[in-house]
Amino acid sequence: MDTLSYKTVSANKATVTKEWVVVDATGHSMGRLCSEVAKMLRGKNKVNYTPHVDCGDNVIIINAEKAILTGDKWTDRKYARFSGYPGGQRFETPQVVMDKKGVYDLYRKMVRGMLPKNRLGDKIINNLYVYEGSDHKHEAQKPRLVEIKTK
C-alpha cells in the first residue's frame with residue numbers, strides 16, 4: 001500500500017494563491033454580508049484551507065453605504081470599548097460609528113468580530129478594503145466580481 005497518498009498537505013505562505021475579489025453590498029443585509037466576507041478573508045471557501053495560515057483573499061466591498069441593517073439595529077446594537085481606566089467603558093451604536101468614523105470603520109468592526117482574536121486575525125483584517133461608491137483604486141490587481149447569495 002502506498003502511504004504517501006494519505007498524506008495531508010497543509011498550505012503555507014509560499015503555496016497560497018491569494019486573489020482579489022470585489023463584493024457589491026447593494027441591498028444586502030450587513031451582518032450576512034460581513035459573515036461571507038469574513039469567510040473569504042479567512043480562506044474557508046478554498047480547498048487548501050489551513051487554520052494557522054493566511055490563505056484568504058483580498059476583499060474589496062463597494063457601495064458599502066447601500067447595505068441594510070434591519071429593525072432597530074442602527075440604534076439598539078451597542079459596540080463596547082474600554083479605555084483601561086476605571087469607569088472607562090464606552091458604548092457606541094452603529095449609527096454613531098458611521099457618523100463619526102465612516103462606513104469603513106463600521107464594516108471593519110463587524111468583520112473583525114468574526115475573525116480569530118489573535119495575531120492571525122490582526123493580519124487578515126488588513127486584507128479588507130471598503131469603499132462608499134462603486135469606484136475603487138485596485139483596478140491594477142484585476143479583481144473578479146463575486147456575487148454573494150444571502151437569503
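**A parallel sheet, its helices and its cores**

In this predicted model, strands S1 and S2 pair in the parallel sense over five bridges. Within this pairing, Val22 has Ile60 in S2 as its bridge partner. Strands of a sheet pair through backbone hydrogen bonds, and the pairing may be parallel or antiparallel.

S1 and S2 belong to an open sheet of four strands, which has the order S5-S2-S1-S6 and parallel pairing. S5 and S6 stand at the edges with a single partner strand each, so one side of each has no neighbour in the sheet. On average, neighbouring strands of this sheet are turned by 25 degrees against each other, direction ignored.

Helices lie against this sheet. H1 lies across S1, S2, S5 and S6, and runs at about 155 degrees to S2. H4 also packs on the sheet, where it touches S2 and S5, and its direction makes about 145 degrees with that of S5.

What lies in the interior may be considered next. In soluble globular proteins, nonpolar side chains tend to be buried together. The largest nonpolar core of this model has 31 residues, of which Met30, Val37, Val59, Ile61, Tyr107, Val111 and Leu128 touch the most other members. Two or more residues of this core come from each of strand S1 (20–24), helix H1 (30–42), strand S2 (58–62), H3, H4, helix H5 (119–124) and strand S5 (128–130). H1 gives the largest share, seven residues. Another core, of five residues, lies apart from it, and includes Val22, Ile60, Ile62 and Tyr131.

With residues up to four places away in sequence not counted, Ile61 touches Val23, Ala25, Val37, Tyr107, Leu128, Tyr129, Val130 and Tyr131.

The packing of one helix on another comes next. Two packed helices are described by the angle between their axes and by the distance between the axes. Helix H3 (residues 94–101) and helix H4 (residues 103–112) pack at an angle of about 135 degrees, and their axes are 7 Å apart. This angle makes H3 oblique to H4. In the contact, Pro94, Val97, Met98 and Lys101 of H3 meet Val103, Asp105, Leu106 and Lys109 of H4. Of the residues in this contact, five are nonpolar, three are charged and none is polar.

A further pair of strands forms a hairpin. Strand S3 (residues 79–82) and strand S4 (residues 89–92) pair in the antiparallel sense over four bridges, and Ala80 stands opposite Phe91 in S4. Six residues lie between the strands of this hairpin, where Gly84 takes a positive phi near 100 degrees.

Which backbone angles deserve attention in the loops? Most residues other than glycine have a negative phi. Asn63 has a positive phi, near 55 degrees, and is not a glycine. Asn63 is found in the loop between S2 and helix H2 (73–76), and counts as buried because its relative accessibility is 8%. Lys142 likewise is not a glycine and has a positive phi of about 55 degrees. Lys142 lies in the loop between S5 and S6, and counts as exposed because its relative accessibility is 73%.

Ala140 is also placed in the loop between S5 and strand S6 (144–146). At 70% relative accessibility, Ala140 counts as exposed. Ala140 and Tyr107 are separated by 33 residues in sequence and, from C-alpha to C-alpha, by 24 Å in space.

Technical notes. Residues numbered from 1 in each chain as written. Predicted model: local features only at pLDDT ≥ 70, side-chain atom pairs only at ≥ 80, totals over all residues. Heavy atoms only, no water. Axes fitted to C-alpha atoms, helices over the stretch in contact; angles between N-to-C directions. Parallel < 35°, antiparallel > 145°, perpendicular 65-115°, else oblique. Contact = heavy atoms within 4.5 Å. Nonpolar A, V, L, I, M, F, W, Y, C, P; charged D, E, K, R; others polar. Pairing = 2+ DSSP bridges. Core = buried A, V, L, I, M, F, W, Y, C linked by side-chain atoms within 4.5 Å. Buried < 20%, exposed > 50% of the residue type's maximum accessible area, 1.4 Å probe, protein only.
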